[in-house]
Every structure is written in C-alpha cells, then in structure tokens.
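Thank you all for coming; I would like to walk through one structure with you, going slowly from a single side chain to the whole chain. Please keep the picture in view while I talk.

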Amino acid sequence: MTTALRRIIFIAMIAVIWEVTSRLSVLPEFMFPRLTQVLETLFNGLVNGQFLAAIGKSLSRLLTGFAIAIVLGLIMGYLIWRYKLVEDTLGFLVTALQSIPSIVWFPLAIIWFGLNDISILFIVTIGATWTMTVSATSGFRNVPTLYKRVAKTFGSSGLHFIRTIILPASVPQLISGLRIAWAFSWRALMAGELLGSGGGLGQLLETGRSLGQMDLVISVMIIIAIIGTIMDNVVFLRLERSVQKKWGLT
C-alpha cells in the first residue's frame, strides 16, 4: 500500500467519523456542523470568489513578509557568524526576541503604522525573521572546517568564498530554517488578520466566529491546512530531497 493510499484511507475514516458523530451529537449544529455542511460552505465560498479573494490577500502578505524575513535573517545570520562583536550584541538580542510571540508586537505595530496592511506585514516579518536568523547563524557556523581550509588554500576569499563554500554547505540547515520560518509566518499572519482588518483568511475566521458560523470557520481552517501541506510537501520537502541527493546524503 502506497503512502498516498494510506493517507486517503485515513482522511476518509476521519470524514466518516466526523459525519456520523456530528449527526448523533446533542450539540447544536452551529457548534458542531456536519462535514457535508462544511464542504458545501467551502464549495460555495470558492465558487463565489469569497475564499479566493481572501487567499490572494493572505498569500500576498505572507509571501512579502516571508521574503523580507529571509533577506534580513540571512544578513543578520551572516553578521552574527562572521563578527564576534555582533554575536555578543545582536546575537544575544535575537535570542531574546525569538522567545517573544509575534502577536505581542501587534499593539506596537498599530501605534507605529496604524490598523492596516503594514501592521500585519510587520507582524508576519517579525514572526519569521528571528527564526531565520538563528537558523542561518547555525548553518554558517556548522560548515565543516575542512571545506573552509581547502577553499582558502586555493585562494578563495571574500564574496567568492561566501558564494561557493559557505552558502552551499549551509543549505540543508537553511532549508530547515525556511520550513520553520514559514510556519511562524502563517501563525503570525492569522493572528494579525484576526485582530486587524483588510480582508484575508484571518478576517473570515473572525467573521465566522462573530456570526456563529462554525462551518465557515472550519472551512477556512481546511484551506489553511491544505495550503500549508502543499507548501511543505511540494516546495520545501522536494527542495530538501533535491539538496540531499545533490550532496549524496540519500
């Protein structure tokens, strides 16, 4: 039995248990909606464009903030790895900031930027930057000393040394950092959109909560789970396997 078939059977079992349990439950339908009702809401939302518009807004914010976080994380990770002074100062600060949940920054973001897209973008960026910085620092630091010595023996230095030795050797660690940073970005985005404004999947969640439409809430949750699964399995996992194959690790 293939992995895909196992997953299909498992999901089908969960769907049957959900449908049967919801029909037999004494809870009101708005609290524990039937799976068929959730799927109907999901279908209608996709057909009328409500979900597609929300997905577009959320992904645009997510990808923008995630891209900024990658750039900032790589730069700060390099500086922390390269210079002892930066490690003792900025590195210490990044470690402390990583322990702060990104949603805690939201009140400051509202004061600084107002209740708009910039505030949400700021939260998304903050949510991934510290994780990416720590992962990049760890990746650069764990490059085998032998690689660096051989490269310097052959005269590699400066930008050439970073491009041909440090970055390629730290790619596996960087990919792991990307996966974790992506997850943190998603969480920060949903928290920001729940409390903020301007549409998006988070706003649909808040709408469903305020109207007591749990079928809408669960439909959005399913969409979030599907997007997350696609990104993890289609993008990051394939990228990781490609790197492992290239480096002879598989």
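This is a predicted model: local features need pLDDT of at least 70, side-chain atom pairs count only at pLDDT 80 or more; totals for chains, interfaces and linings use all residues.

Let me begin with Ser 219, where a polar atom of the side chain lies 3.2 Å from the backbone oxygen of Val 38. Ser 219 sits in helix α11, which covers residues 214-246, and if we set aside the neighbours within four places in sequence, Ser 219 is in contact with Val 38, Thr 41, Leu 42 and Phe 51. Is Ser 219 buried or exposed? The relative accessible area of Ser 219 is 0%, and because anything under 20% counts as buried, Ser 219 is buried.

From there I would like to turn to charged side chains. Side chains of opposite charge can pair when their charged atoms come close. In this model the count comes to seven salt bridges, and I will describe some of them. The side chains of Glu 193 and Arg 61 meet in one of these, at 2.7 Å from N to O. Why can we say that this pair ties together separate parts of the chain? Glu 193 lies in helix α9 (residues 171-195) while Arg 61 lies in helix α3 (residues 50-82), so the bridge joins parts that are 132 residues apart in sequence. Both Glu 193 and Arg 61 are buried, and together with Asp 117 they are linked in a network of salt bridges.

Another salt bridge is formed by Arg 141 and Glu 87, whose closest N and O atoms are 3.4 Å apart.

Glu 206 and Arg 209 are three residues apart in helix α10 (residues 201-211), and so they are separated by about one helical turn. Glu 206, at 24% relative accessibility, counts as partly exposed, whereas Arg 209, at 51%, counts as exposed.

Now to the aromatic rings. A pair of aromatic rings is described by the distance of the centres and the angle of the planes. The structure holds nine aromatic pairs. One of them is formed by Trp 112 and Phe 113, with 6.3 Å from centre to centre and 85° between the planes, and it is edge-to-face. Phe 113 also pairs with Phe 122, and there the centres are 5.5 Å apart and the planes stand at 50°, so this pair is tilted. Elsewhere, ring pairs link Phe 66, Trp 182, Trp 186 and Phe 236 into a cluster.

Trp 112 and Phe 113 come up again on the surface, where they form a nonpolar patch with Leu 108, Ile 111 and Ile 118, with about 520 Å² of accessible area together. Helix α5 (residues 106-113) gives the largest share of this patch, namely four residues. Leu 108 is found in helix α5, and with a relative accessible area of 34% Leu 108 is partly exposed. For another residue at the surface, look at Phe 154, in the loop between α7 (145-153) and α8 (158-169); at 72% relative accessibility, Phe 154 counts as exposed.

Let me end with the whole protein, which has 11 helices and zero strands. The C-alpha atoms fill a box of roughly 75 × 55 × 30 Å, taken along the principal axes. Of the 250 residues, 37% are buried, and the accessible surface comes to about 14300 Å², of which 70% belongs to carbon and sulfur atoms. Finally, among the contacts with a separation of 6 or more, 67% are between residues 24 or more positions apart.

Notes. Residues are numbered from 1 along each chain as its sequence is written. Side-chain values use heavy atoms; hydrogens and water are left out. Helices (H or I, at least four residues) and strands (E, at least two) are DSSP runs, numbered from the N terminus. Buried means under 20% relative accessible area, exposed over 50%, partly exposed in between (1.4 Å probe, protein chains only). A polar contact is a pair of N or O atoms within 3.5 Å; within protein, one must be able to donate a hydrogen and the other to accept it, and residues adjacent in sequence count only if both atoms are side-chain atoms. Contact means heavy atoms within 4.5 Å. Patches are made of residues with over 30% relative accessible area and no salt bridge: like charges are joined within 9 Å, nonpolar side chains (Val, Leu, Ile, Met, Phe, Trp, Tyr) within 5 Å. Accessible areas come from the Shrake-Rupley method with a 1.4 Å probe; for residues, only the protein chains shown count as cover. A salt bridge is a side-chain nitrogen of Lys or Arg within 4 Å of a carboxyl oxygen of Asp or Glu. Rings of Phe, Tyr and Trp (its six-membered ring) pair if their centres lie within 6.5 Å; planes under 30 degrees apart count as stacked, over 60 as edge-to-face and the rest as tilted.
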